[in-house]
Amino acid sequence: MIGGLFIYNHKGEVLISRVYRDDIGSQAADSAVFSSSEPFPWTLSRPCVPFPLRRNAVDAFRVNVIHARQQVRSPVTNIARTSFFHVKRSNIWLAAVTKQNVNAAMVFEFLYKMCDVMAAYFGKISEENIKNNFVLIYELLDEILDFGYPQNSETGALKTFITQQGIKSQHQTKEEQSQITSQVTGQIGWRREGIKYRRNELFLDVLESVNLLMSPQGQVLSAHVSGRVVMKSYLSGMPECKFGMNDKIVIEKQGKGTADETSKSGKQSIAIDDCTFHQCVRLSKFDSERSISFIPPDGEFELMRYRTTKDIILPFRVIPLVREVGRTKLEVKVVIKSNFKPSLLAQKIEVRIPTPLNTSGVQVICMKGKAKYKASENAIVWKIKRMAGMKESQISAEIELLPTNDKKKWARPPISMNFEVPFAPSGLKVRYLKVFEPKLNYSDHDVIKWVRYIGRSGIYETRC
Amino acid sequence: MTDSKYFTTTKKGEIFELKAELNSDKKEKKKEAVKKVIASMTVGKDVSALFPDVVNCMQTDNLELKKLVYLYLMNYAKSQPDMAIMAVNTFVKDCEDPNPLIRALAVRTMGCIRVDKITEYLCEPLRKCLKDEDPYVRKTAAVCVAKLHDINAQLVEDQGFLDTLKDLISDSNPMVVANAVAALSEIAESHPSSNLLDLNPQSINKLLTALNECTEWGQIFILDCLANYTPKDDREAQSICERVTPRLSHANSAVVLSAVKVLMKFMEMLSKDLDYYGTLLKKLAPPLVTLLSAEPELQYVALRNINLIVQKRPEILKHEMKVFFVKYNDPIYVKLEKLDIMIRLASQANIAQVLAELKEYATEVDVDFVRKAVRAIGRCAIKVEQSAERCVSTLLDLIQTKVNYVVQEAIVVIKDIFRKYPNKYESVIATLCENLDSLDEPEARAAMIWIVGEYAERIDNADELLESFLEGFHDESTQVQLQLLTAIVKLFLKKPTETQELVQQVLSLATQDSDNPDLRDRGYIYWRLLSTDPVAAKEVVLAEKPLISEETDLIEPTLLDELICYIGTLASVYHKPPSAFVEGGRGVVHKSLPPRTASSESTESPETAPAGAPPGEQPDVIPAQGDLLGDLLNLDLGPPVSGPPLATSSVQMGAVDLLGGGLDSLMGDEPEGIGGTNFVAPPAVAVAANLGAPIGSGLSDLFDLTSGVGTLSGSYVAPKAVWLPAMKAKGLEISGTFTRQVGSISMDLQLTNKALQVMTDFAIQFNRNSFGLAPAAPLQVHAPLSPNQTVEISLPLNTVGSVMKMEPLNNLQVAVKNNIDVFYFSTLYPLHILFVEDGKMDRQMFLATWKDIPNENETQFQIRDCPLNAEAVSSKLQSSNIFTIAKRNVEGQDMLYQSLKLTNGIWVLAELRIQPGNPNFTLSLKCRAPEVSQHVYQAYETILKN
């Protein structure tokens with residue numbers, strides 16, 4: 001299991017260090033700076049080493065990963081039989097250290113989770129915030145990682161008993177305490193009892209990111225949608241929810257009985273390649289009946305993630321034309337076409353056309369929006385605020401090149417695109433979200449529900 | 001209020017100041033002081049001197065302060081064990097606190113204080129906490145047992161904590177169950193022999209129930225624990241799989257991977273014919289693909305695991321090539337792993353797409369990635385023959401870019417393409433030669449030199465090119481030196497007149513001026529060969545090259561199976577067994593996949609009888625396993641083959657290739673060639689040189705002594721058949737058969753002269769064949785054969801001749817010469833003449849080997865209309881060196897387990913199913929070289945029916 005957890009700043013200074021097991025740094029070593037040429041004094045014995053001297057693991061990571069000259073080649077590093085897992089958030093490094101054959105996927109999931117928990121408590125993960133909250137972080141680490149085993153890490157539950165002020169023990173009644181513990185350890189660890197809202201309301205956001213890789217000839221090399229259903233719930237009590245969407249498998253199953261209805265409404269169903277759910281969803285029920293039922297956490301959470309590859313609506317098509325005129329000039333013409341209902345509007349459209357490194361000057365003409373050559377990014381950036389469906393727009397540019405004797409050809413990175421559209425490119429539709437709370441007297445009809453669809457570009461690239 | 005100020009106190013005398021503050025009366029000040037202490041501790045300052053002062057702060061009602069002090073204690077208690085005792089009372093008291101959170105905090109912290117003296121005091125509170133009414137305390141106490149075990153294992157056993165922990169597996173609270181499982185699994189790992197985690201269907205059921213209810217982390221613990229269980233039969237395996245599959249939809253990737261591990265492992269036990277098996281395969285692909293949309297670090301872990309899964313069960317992801325296409329913004333470690341998997345999944349169906357992608361990648365910036373992409377193009381050419389031409393042209397395009405490392409990488413792979421498809425793409429040599437000067441890496445230089453040497457006859461200035469390398473001979477790496485030596489010798493053999501000087505120069509450089517023994521030895525061998533027998537030298541140096549394998553970097557099958565048991569863990573990321581990177585006792589236990597057992601036979605103990613049904617299938621991972629015979633020549637290149645060792649004695653090269661035009665030598669005196677050495681392959685395949693091997697029958701006699709023990713009766717002999725009709729051989733009629741008696745094989749020939757003239761000067765030669773059959777003595781026809789006379793000759797054979805795979809396998813091409821002409825014919829020999837006398841395998845070995853041989857290699861045959869009973873069959877087969885190792889009766893059927901060994905060391909394992917009263921037998925054959933199975937089956941037929 002995880003032997004220790006460290007948080008470093010970009011200089012490699014330790015901000016947080018929590019050691020769970022002795023094996024990760026065994027021999028007393030001077031905490032003086034190591035040079036990378038020096039071998040680390042690892043030994044197999046396990047002498048009693050007080051914490052501050054147990055620095056070699058800490059230093060090894062700094063020297064070999066944070067200060068490494070080369071780009072990081074792997075998120076898992078093995079130095080002298082000690083394994084380091086790291087993730088980076090802005091310029092903060094989180095490293096988990098172990099000497100055992102741990103579950104690597106679990107360690108990374110834990111590190112991500114820890115970032116989420118910290119973000120939920122104090123916002124952005126930055127050196128300043130970490131220093132400002134180090135006592136809290138230690139307290140959290142004590143709770144969510146015991147002897148290297150991840151424990152309950154749901155913020156909702158943690159916040160009931162770990163606050164910036166510590167455990168509110170003095171003010172809790174016995175019932176409150178046992179309620180906390182049963183929640184932390186219980187089946188529904190993500191929700192506490194006794195939540196009350198005057199107005200029961202829920203928001204569903206279907207957020208999709210559509211990914212595309214297209215060849216210069218317009219052939220789709222790969223396309224997929226990765227979507228998320230994010231729910232914000234403000235519901236009283238312990239509501240039982242049931243979520244339905246136009247999943248092909250479900251529709252077909254029901255279609256047997258009510259074939260007329262489905263054909264009449266003309267509802268299109270979509271084939272979901274795979275989906276994953278928040279831990280509140282009863283997976284075994286999904287497996288057997290393909291129904292999504294759950295008791296939601298209070299507030300915002302990600303209900304499900306899914307992926308589709310079939311019948312994706314590609315909101316934009318990019319048609320590039322690059323012509324090399326002699327050795328010192330390039331002519332680029334890019335046409336974008338919007339491909340959705342004319343009544344809908346796409347927003348925040350940005351087309352990024354890469355230019356060679358030896359570009360000396362660029363002249364751009366575009367029909368719509370604004371285009372600029374950004375030398376620092378080696379790209380022409382073309383921005384359009386809004387564009388309706390079934391429209392077309394064009395940009396042409398002349399790129400002057402400096403003559404070079406560099407033999408290597410320009411790699412021609414793909415043209416990438418960003419946008420936001422008010423529909424789900426996968427075609428997913430929410431059919432219903434039913435709420436049952438048998439103990440309290442509000443029914444499904446009393447709940448105010450909001451649904452919103454947003455499609456964004458993921459990696460949306462066309463090669464040129 | 002912010003905490004960052006605590007980090008800023010750096011002035012001298014700080015410890016002294018802190019001491020004063022810690023002893024302050026004011027609570028707030030105390031708290032501030034402890035925070036400063038913790039901050040100093042974090043950045044690595046030694047604040048152990050403050051131990052007594054900090055511990056004094058412990059007795060407080062303020063929980064925040066208490067927690068801070070605990071934190072300090074955990075870190076410094078070891079350096080001050082005596083002082084740490086002071087804290088014990090408070091701990092014990094806290095364990096009785098009415099607030100469960102405080103009880104848990106106390107027991108959790110106590111476990112973290114790794115001082116022996118304290119552990120004694122820990123026992124009583126821990127015992128209470130394990131039975132606490134509050135689940136939060138119990139789940140904390142469960143982990144505490146693992147902590148205590150880490151400090152003092154004996155104490156934990158003596159106090160009976162392990163039993164209490166086992167009881168917690170049946171706890172009503174899922175999180176308590178999960179933590180108990182985690183603690184027990186860890187303790188069990190350090191006691192491999194103990195039966196701590198006594199998993200049985202009941203406890204498994206409990207775990208599966210808890211699985212639905214506990215936190216994501218708990219699910220991981222439980223799944224990892226389940227993976228260690230071996231179900232008693234396929235039905236149980238299936239029912240567990242059914243309950244684990246819903247986990248594949250969990251948002252936590254670790255839960256998904258651990259579920260995949262359980263499924264991959266238990267799938268081994270399911271029969272492939274089962275509908276459920278197919279369903280399961282289908283269910284596995286989508287979650288694996290979904291893992292690729294996780295954060296990059298997790299993608300990396302997933303990709304390393306997918307790499308294993310693709311090797312073990314390629315069918316799962318064979319249609320998912322596109323998702324492994326590299327994205328421009330992927331981190332480099334993700335790109336490299338994706339590329340690896342792309343090559344593995346490349347097939348005829350998707351090769352066009354793959355190639356287009358690889359070409360894109362070859363223009364990227366990262367040097368490692370570009371190199372790997374270029375190499376991948378070469379691998380595609382070798383793997384998918386149809387694509388070879390496009391690959392070569394793509395590579396040529398890349399060479400035109402003149403980017404140094406791209407050119408070098410391309411040349412290295414083109415060399416392999418030349419080897420795989422000789423005489424096809426040599427037109428590109430000219431382009432390659434243009435880039436000679438830019439090559440600065442040894443591997444590329446060696447590859448280029450190999451190409452020049454190999455095609456010396458087509459390159460006009462080959463001598464000049466090689467000579468240019470010779471100038472700096474001593475500065476070259478060994479790889480290049482060896483290659484240069486071989487290339488120049490090849491050149492000399494092809495163009496002897498112009499290159500005499502050059503060859504002498506290189507030989508003297510290699511033998512006289514070099515300190516490298518490999519180089520020197522190779523130099524001497526060439527020298528001697530060239531000076532004694534240039535013809536033989538030609539045969540040796542310019543011999544046909546062994547095939548190169550299609551797959552590279554494959555993980556050895558047993559290791560792969562072990563790694564499959566470690567899916568999701570570090571071992572699967574490193575592709576190394578845990579013992580390679582974990583110290584001490586942990587993780588040394590080797591895990592292996594469960595054997596497949598049919599439920600009906602579950603009562604049989606595996607020690608006494610071989611498992612009735614074959615073990616789980618394995619993909620074809622031994623390189624070029626389809627051609628094991630070719631592989632024999634190539635042993636150095638392949639991964640070690642487990643199981644019965646292949647007899648690889650020295651590979652002898654018959655010097656004379658009869659059909660290949662060596663007819664002059666046929667007239668010569670010696671039918672046997674010089675024991676050869678194999679200097680053919682560019683990657684320096686040095687097969688043991690066997691220069692002085694005794695020639696002829698002496699050698700085979702020696703073999704006879706060692707092998708012909710016990711069995712006196714000879715194997716079945718077929719009646720003679722006409723091999724060469726007189727009308728095709730100018731009057732010479734040859735009929736014959738093969739026999740095996742007491743370990744020696746002979747070819748019984750009957751020569752009839754149907755011509756009108758006397759025949760003399762008989763000689764016989766065999767072409768190279770699958771098992772190296774060769775005459776052990778010259779053909780002795782004592783008197784001239786007069787017209788209408790018939791003579792019977794028994795020609796002793798050995799199996800040390802040169803080997804070439806024939807189609808069919810048992811085809812033998814023979815040339816017979818007499819004073820009239822040379823005649824050729826081919827015949828098929830029954831395989832049983834190759835069954836050696838020591839082909840009886842040890843029982844244990846049999847079991848292990850049977851399991852080890854991949855399932856694809858198993859073939860089933862029906863032997864019809866054989867009226868014998870099991871005993872008769874067994875004894876009949878025994879006389880032909882098919883040995884019955886075990887016999888048992890399953891549901892009224894006799895199962896015979898048999899083994900046999902071929903002269904070239906290939907073992908064949910057989911399972912013969914005989915139903916009394918039914919003349920049709922079922923024969924299952926398993927062999928590492930499955931192509932022999934058909935012929936072994938024919939041998940069975942022949943033996944049993946005669």
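**Entry 1: five-strand sheet, chain B**

I looked up an open sheet of five strands in chain B of this predicted model, and its order is β9-β13-β12-β11-β10 with antiparallel pairing. I take two strands as paired if DSSP finds at least two bridges between them. Helices (H or I, at least four residues) and strands (E, at least two) are DSSP runs, numbered from the N terminus. At the edges I found β9 (858-863) and β10 (883-890) of chain B, each pairing on one side only. The twist averages 20° from one strand to the next. For such values, axes are lines fitted to C-alpha atoms, for helices over the stretch in contact, and angles run from 0 to 180 degrees between N-to-C directions.

I noted the conventions here: residues are numbered from 1 along each chain as its sequence is written, and chains are lettered from A and ligands numbered from 1 in the order in which they are written. The model is predicted, local features need pLDDT of at least 70, side-chain atom pairs count only at pLDDT 80 or more, totals for chains, interfaces and linings use all residues, and side-chain values use heavy atoms, with hydrogens and water left out.

**Entry 2: pairs within that sheet**

I followed β10(B) to β11 (residues 893-901) of chain B and found seven bridges, antiparallel. The bridge partner of B:K887 in β11(B) is B:L896. Helix α35 (residues 843-852) of chain B packs on the sheet, touching β9, β10, β11, β12 (907-914) and β13 (921-927) of chain B. The direction of α35 makes about 95° with that of β12(B). Contact means heavy atoms within 4.5 Å.

Then I turned to β13(B). It pairs with β9(B) over six bridges in the antiparallel sense, and B:E858 stands opposite B:K926. Six bridges also join β12(B) to β13(B), where B:L912 stands opposite B:L923. The hairpin of these two strands has six residues between them, and B:G917 takes a positive phi near 90° there.

Is β13(B) mostly covered or uncovered? I found seven of its seven residues buried. On one side these are B:F921, B:L923, B:L925 and B:C927, and on the other B:T922, B:S924 and B:K926. Buried means under 20% relative accessible area, exposed over 50%, partly exposed in between (1.4 Å probe, protein chains only).

**Entry 3: two helix pairs, chain B**

I looked at α17 (residues 296-312) and α18 (residues 332-345) of chain B, whose axes come within 9 Å and cross at roughly 20°. They are therefore roughly parallel to each other. Angles under 35 degrees count as roughly parallel, over 145 as roughly antiparallel, 65 to 115 as roughly perpendicular and the rest as oblique. Among the residues that meet are B:Y300 and B:L303 in α17(B) and B:V334 and B:I341 in α18(B).

Next I took α8 (residues 135-151) and α10 (residues 161-168) of chain B, which pack at about 140° with axes 11 Å apart. That makes α8(B) oblique to α10(B). B:R138, B:A142, B:V145 and B:L148 in α8(B) meet B:F161, B:L165 and B:L168 in α10(B).

**Entry 4: cores**

I looked up the largest nonpolar core and found 291 residues, with A:F85, A:M114, B:Y72 and B:F418 having the most contacts inside it. Such a core is a set of buried Ala, Val, Leu, Ile, Met, Phe, Trp, Tyr and Cys residues joined through side-chain atoms within 4.5 Å. Its largest share, 14 residues, comes from helix α2 (residues 104-122) of chain A. Apart from it lies another core, of 61 residues, including B:I745 and B:C927.
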